[in-house]
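Hello,

Here is the structure you asked about. Please open it first, and then read the notes below it.

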Amino acid sequence: MNNKGEEMDMVPIVTEDQAAALLIKESGNAAYKEGNFVEARRCFSDAISMDSKNATFFCNRSMCHASEGNWLESLKDAKEGVKLDPKY
């Protein structure tokens, strides 16, 4: 609420690194849709290096590992994603 008692919309604060990581994630999503799992995995890894608290990045990279048959790596990333956000 503001000083007049009116409700205000909450806008999340996003750092420059978080914003850049989200853009990189979008590149990873596009690569994944094209079946380029190596490039997608690289993008999600880059996003993680910029924002290691975003569960989506780990879950997306987990899908890349699974698509490549790297089950242990997929499980590791999936567990990290769930640890960061139990809704996953």
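An axis here is a line fitted to C-alpha atoms, for helices over the stretch in contact, and angles run from 0 to 180 degrees between N-to-C directions. Helices (H or I, at least four residues) and strands (E, at least two) are DSSP runs, numbered from the N terminus. Please keep in mind that this is a predicted model, in which local features need pLDDT of at least 70 and side-chain atom pairs count only at pLDDT 80 or more, while totals for chains, interfaces and linings use all residues. Residues are numbered from 1 along each chain as its sequence is written, and side-chain values use heavy atoms, with hydrogens and water left out.

The whole chain

The protein chain has four helices and zero strands, so the order of elements from the N terminus is α-α-α-α. Of its 88 residues, 26% are buried, where buried means under 20% relative accessible area, exposed over 50%, and partly exposed in between (1.4 Å probe, protein chains only). The accessible surface comes to about 6,200 Å², by the Shrake-Rupley method with a 1.4 Å probe; for residues, only the protein chains shown count as cover. Carbon and sulfur atoms hold 55% of that surface. Among contacts (heavy atoms within 4.5 Å) with a separation of 6 or more, 45% are between residues 24 or more positions apart.

Helices α2 and α3

The axes of α2 (residues 37-50) and α3 (residues 55-67) come within 9 Å and cross at roughly 155°. The two helices are therefore roughly antiparallel; angles under 35 degrees count as roughly parallel, over 145 as roughly antiparallel, 65 to 115 as roughly perpendicular and the rest as oblique. Their crossing is left-handed, meaning that the near helix is turned anticlockwise from the far one by less than a right angle (clockwise would be right-handed). On the α2 side, the residues that meet α3 are F37, A40, R41, F44, S45, A47 and I48; on the α3 side they are F57, F58, N60, R61, C64, H65 and S67. These divide into eight nonpolar, four polar and two charged. Ala, Val, Leu, Ile, Met, Phe, Trp, Tyr, Cys and Pro count as nonpolar, Asp, Glu, Lys and Arg as charged, and the others, Gly among them, as polar.

Two residues

Leaving out residues up to four places away in sequence, R61 touches R41, F44, S45, I48 and D77.

E16 sits in helix α1 (residues 16-33) and counts as exposed, at 74% relative accessibility.

Regards
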